[in-house]
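Please have the coordinates open as you read.

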Amino acid sequence: MNNLNGTVQMQGLERLETLFLHGNKLNNSIFSSMRELTSLRNLLLCCNDLGGIIPTQDIAQLKILEMLDLSHNHYYDGAIPLQDLKNLSVLDLKYNQFNGSMPIQGFCETNSLYELRIQNNHIRGQLSQCVGNFTKLQYLDISSNQFSGKIPTTISNLTSIMYLSLVENDFEGPFLLSSLANSTNLKFLKLSKTQVDTEKSYWVPMFQLEILILKNCELNKKTTSKIPSFLLSQSSLNFIDLSHNQLVGTFPLWLLLNNSGLLVLDLSSNLLTGTLQFPTWKQNLKYLQISDNNFNGELPSNVGLFLPGVSYFNISSNSFEGNLPSSVEQMKDLFYLDTSDNKFSGNLKISIFNNMSHLQCLLLANNNFSGNIEYGWNNSANLVAVDISNNMISGKVPNWIGSLTNLQFLRISKNLFEGELPGGICSLRELRFLDVSQNKLFGVPSCLNSSSLVYLYMQENFLSGHIPQAFSNGSKLKVLDLSYNHFSGPVPDWIHKLTSLRVLLLKMNQLQGSIPRQLCQGEELSIIDFSNNKLSGSIPSCLNNMTFGTIKGSEYSTILKVENPKIPNVGILPTYFGSYHRYSLEEITLNIMGLIEVDFTTKSRFDTYKGNILEYMSGLDLSCNQLTGNIPLEIGDLPQIHALNFSHNKLAGPIPKEISNLKELESLDLSNNFLSGNIPSELAGLNSLAIFNVSYNNLSGMIPTSPHFSTYPASSYYGNSHLCGSYIEQKCSSPILLPDNPSIKLGKEHEAFVDIEAFRWSFVTSYFTILMGFVVVLYINPQWRETWFYFIEDCCSYFCKCI
């Protein structure tokens with residue numbers, strides 16, 4: 001890499017055979033200067049600024065070219081004139097932007113290629129049957145394109161193939177793996193997203209694979225859905241990935257017995273059952289992934305002795321039970337351990353992890369572990385992520401957490417922790433995700449450094465006092481959830497310092513005072529929930545400074561990268577010019593997007609928004625407070641908001657017709673206030689509005705006649721004695737809308753309809769008055785009383801005769 005720009009002068013280089021200009025900033029003009037390089041055999045222009053249309057004519061002049069590398073550039077069209085390059089053995093066009101058919105001319109007119117790499121483009125259409133003409137082809141990678149149709153049957157002619165990768169395309173199945181039976185040199189086979197059948201007929205492979213990836217292939221879907229039987233003849237495998245296939249059966253112990261050099265085994269997301277079994281001698285496995293199956297029973301007591309060198313061990317989302325065996329402490333090379341979402345129970349012995357000096361991810365969530373972990377940890381491991389949430393661990397949060405100085409992700413929610421968060425947590429300068437929710441905590445150390453935090457969850461504890469000042473330097477915070485605690489005092493005016501904040505949840509506390517105007521400076525806020533507090537004053541009119549817009553995935557997603565020093569490069573395969581293919585597991589990414597969640601009430605129900613769904617949610621909930629004044633007209637300047645809830649306050653005045661500007665609004669709850677006037681007919685234009693509630697206010701007039709309002713239940717209008725309409729019990733005598741002039745409104749109301757509720761009370765009162773008057777008269781005058789009783793007696797006699 002020399003940072004060369006544009007082009008390079010090449011006069012006097014007629015005998016040059018190899019030109020290596022990798023990693024510069026050259027453009028297409030470089031080809032015009034190559035016309036005199038008649039002896040050029042190897043041309044490597046990877047990783048430059050080449051782009052646009054391939055200069056087909058210029059490349060055609062390089063008649064004796066044997067190797068052409070244009071990978072990692074920006075070409076989107078054009079073609080390599082293969083018919084003019086009779087000696088070309090290696091063609092590398094990977095990681096460009098080709099969009100359309102195969103960028104190769106004369107594909108059916110030559111068969112000289114030994115290597116063809118066109119992966120990671122946007123190439124469409126069917127793969128030509130002519131691919132079978134390349135009988136010398138050793139390396140073929142067309143992965144991550146948009147090829148469709150059937151995989152050509154002529155692929156069986158590739159008897160020299162060593163490396164074949166067809167993954168991430170749109171091929172139609174089924175593909176019979178037996179068509180590769182005679183490819184005696186095949187070492188690496190990689191297929192995905194197309195139906196593969198290995199059991200259609202009996203066949204014996206002539207190859208010995210080293211790496212096999214059949215991921216998401218609906219393996220043997222129409223026959224047995226079992227692990228391919230051809231693997232019984234394989235003894236050189238060091239990498240197997242059969243994940244996402246709905247395979248049935250038990251753990252394939254025979255794969256370990258037959259392949260003593262096996263390093264990687266991935267059987268995740270299948271339907272395998274039974275207990276986990278290992279050979280009785282040490283295995284070479286470095287990576288074992290069997291998550292998302294139906295395995296059960298206890299782990300083998302000697303699992304740590306069988307797998308002493310394992311670095312990645314993921315058995316999550318099964319039905320394993322019992323406790324972790326003490327032999328786990330023999331897995332000294334572990335850097336990633338995930339036992340979450342099982343039925344493990346018993347006292348969690350934190351000391352069994354003390355010997356794992358490389359441990360970076362410890363994930364034990366969603367089990368039934370119990371006990372106290374305050375003491376016993378003596379490991380200064382480079383832990384990046386710890387998740388022990390949703391267990392029954394008790395006692396205090398351990399202070400040794402402060403020794404995990406590289407920690408970025410800590411989740412201890414849904415346990416029985418109590419007391420204050422330890423001061424040691426203040427030492428975690430790299431912490432990005434902290435979830436201590438749903439415990440019995442009652443204190444936050446003042447030294448807490450929130451400057452690195454992006455997601456902070458402390459809801460459902462016993463935290464009290466003012467909201468800690470320690471949060472005020474959280475300029476990177478996107479989610480702050482302090483709901484369901486006992487915080488008091490005002491909403492802090494330093495909230496505007498949280499310039500990245502997207503979600504602010506303070507629900508169910510005892511906060512008082514007015515909503516600070518500084519909140520309006522939080523321009524990134526999309527979800528605010530201040531409900532069920534004691535807030536007073538008016539709703540700030542400046543809320544329109546906030547967008548309440550949708551959140552892009554790139555802004556919410558969090559990827560933790562975990563480096564593994566103990567897993568080597570797997571599957572080193574020589575290629576034609578002595579380069580190598582390495583399937584590396586040195587870095588594992590932990591996507592915590594699915595763990596980012598927000599509880600928010602909308603559409604009259606309590607929902608949890610998480611993962612990608614959260615990106616599209618926005619809302620403002622100020623319900624169940626003591627807010628007064630009018631609803632500000634500026635609320636209509638939030639066109640992307642999805643939910644508004646101002647219910648159970650003391651708001652007065654009319655419903656602003658500006659709310660009709662909120663075209664994305666799905667839920668509007670203004671119930672239990674003192675709102676007056678009519679329901680603006682403009683609200684009929686809110687086509688997305690699924691929930692509308694204005695019950696128990698002082699609204700009057702006719703409910704707008706738009707059919708849209710007929711979709712809401714009558715309960716949405718209850719408690720408004722002067723409201724009428726065809727959708728509720730109280731009908732209007734005239735379809736004419738009431739005018740907005742208050743001086744005229746009262747007279748028109750009396751002309752338009754009778755107050756049914758007042759009429760009923762008046763009738764009951766009159767009836768009771770007449771009845772009491774009649775009784776008093778009978779009591780005062782004995783003669784009338786005697787006459788009345790004789791009349792009753794005559795009536796009874798007549799009635800008895802009639803019967």
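## Pairing pattern

With the bonded cysteines of the chain numbered in sequence order, the pairing runs 1-2, 3-4, 5-6, 7-8. The model is a predicted one. The count of disulfides comes to 4. A disulfide is a covalent bond between the sulfur atoms of two cysteines.

## Cys108 and Cys130

Cys108 is joined to Cys130 by a disulfide, with an S to S distance of 1.9 Å. This pair links distant parts of the chain, 22 residues apart. Cys108 sits in the loop between strand S11 (104-105) and strand S12 (115-117). Cys130 sits in the loop between strand S13 (122-126) and strand S14 (139-141).

The torsion about the S-S bond of Cys108 and Cys130 is about 100°, so this disulfide is right-handed. Cys130 has 16%, so it counts as buried.

## Cys426 and Cys447

A second bridge to examine joins Cys426 to Cys447, S to S 1.8 Å.

The S-S torsion of Cys426 and Cys447 is about 70°, so the disulfide is right-handed. Cys426 is buried, at 7% relative accessibility. Cys447 is partly exposed, at 42%.

## Cys724 and Cys732

Cys724 and Cys732 also form a disulfide, and their S to S distance is 1.6 Å. What is the handedness of the disulfide of Cys724 and Cys732? The torsion about the S-S bond is about 105°, so the bond is right-handed.

Is Cys724 buried or exposed? At 3% relative accessibility, Cys724 is buried, because buried means under 20%. Cys732 has a relative accessible area of 24% and is therefore partly exposed.

## Two further cysteines

Cys217 has a relative accessible area of 0%, so it is buried. Cys361 is likewise buried, at 0% relative accessibility.

Technical notes:
Residues are numbered from 1 along each chain as its sequence is written. This is a predicted model: local features need pLDDT of at least 70, side-chain atom pairs count only at pLDDT 80 or more; totals for chains, interfaces and linings use all residues. Side-chain values use heavy atoms; hydrogens and water are left out. A disulfide is a pair of cysteine sulfur atoms within 2.5 Å. Helices (H or I, at least four residues) and strands (E, at least two) are DSSP runs, numbered from the N terminus. Buried means under 20% relative accessible area, exposed over 50%, partly exposed in between (1.4 Å probe, protein chains only).
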